Amino acid sequence: MDYKIDFNEPMPQMIERLKKEHVLLLPILDEVENSSKGDPQQAIALLRKLKVTILRHAVEEEARVMRVIMEKEKSDSASSVKVMQEHRWVSEFLERRLDKLPKESPDATRDEIKKFVLDLREHFREEEDIVFPLALKALS
Ligand SMILES: [Fe+2]
Ligand SMILES: [Fe+2]
């Protein structure tokens with residue numbers, strides 16, 4: 001999937017926006033988790049709606065935030081690289097797994113959605129604790 005990246009948005013502003021997107025996504029992820037307890041199909045539909053938002057967000061993190069880190073803080077980048085590699089399971093789940101879930105049993109679907117939501121919340125935390133501060137340090 002291709003996303004247009006705005007290379008003119010100043011980095012501190014972009015990081016603030018990405019953090020705000022995390023804040024906006026968290027309650028929706030709660031909703032996904034809760035609806036999956038009742039009707040997993042409803043949770044799947046919600047995740048489908050979130051797909052583009054989440055994937056675009058990840059592409060921006062890699063193209064802009066990580067780029068600054070690799071240019072200026074490469075020697076400290078190992079943990080951030082690891083966090084960015086988590087985008088692989090994010091996109092694998094949203095681009096491939098999600099379409100196959102309707103064929104799974106409701107319990108298997110619930111478990112898989114629960115794990116994705118938990119892991120994604122943790123991913124956001126890691127970005128806010130590790131990746132974003134390092135990018136801001138790289139700019140200073
Ligand atoms: Fe991310
Ligand atoms: Fe993020």
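**Helix packing in a predicted model**

Helix α3, residues 78-85, packs on helix α5, residues 106-139, at an angle of about 140 degrees. Their axes lie 9 Å apart. This arrangement comes from a predicted model. The angle makes α3 oblique to α5, because only angles over 145 degrees count as roughly antiparallel. The crossing of α3 and α5 is left-handed.

Which residues of α3 and α5 make the contact? From α3 come S79, S80 and V83. From α5 come H123, E126, E127, I130, V131 and L134. By class, this contact of α3 with α5 has four nonpolar residues, three polar ones and two charged ones.

Helix α1 spans residues 11-38, and helix α2 spans residues 40-72. They pack at an angle of about 160 degrees, and their axes are 10 Å apart. That angle makes α1 roughly antiparallel to α2, because it is over 145 degrees. The crossing of α1 and α2 is left-handed.

The side of α1 in this contact is made by M11, M14, I15, L18, E21, I28, E31, V32, S35 and S36. They meet P40, Q42, A43, L46, L47, L50, H57, E60, E61, R64, V65 and V68 of α2. How do the residues of this contact divide by class, and how many are nonpolar, polar or charged? The contact of α1 with α2 has 13 nonpolar residues, four polar and five charged.

One helix remains: α4. It covers residues 87-100, 14 residues in total. From its first C-alpha to its last, α4 reaches 19 Å. That is close to the 20 Å expected at 1.5 Å a residue. Where is the kink in α4 centred? It is centred on F93, and the kink is about 40 degrees.

Note on methods
Residues are numbered from 1 along each chain as its sequence is written. Chains are lettered from A and ligands numbered from 1 in the order in which they are written. This is a predicted model: local features need pLDDT of at least 70, side-chain atom pairs count only at pLDDT 80 or more; totals for chains, interfaces and linings use all residues. Helices (H or I, at least four residues) and strands (E, at least two) are DSSP runs, numbered from the N terminus. The expected span of a helix is 1.5 Å times one less than its number of residues. The bend at a residue is the angle between axes fitted to the seven residues ending there and the seven starting there. Axes are lines fitted to C-alpha atoms, for helices over the stretch in contact, and angles run from 0 to 180 degrees between N-to-C directions. Angles under 35 degrees count as roughly parallel, over 145 as roughly antiparallel, 65 to 115 as roughly perpendicular and the rest as oblique. A crossing is left-handed if the near helix is turned anticlockwise from the far one by less than a right angle, and right-handed if clockwise. Two residues are in contact if their C-beta atoms, placed from the backbone, lie within 7 Å. Ala, Val, Leu, Ile, Met, Phe, Trp, Tyr, Cys and Pro count as nonpolar, Asp, Glu, Lys and Arg as charged, and the others, Gly among them, as polar.
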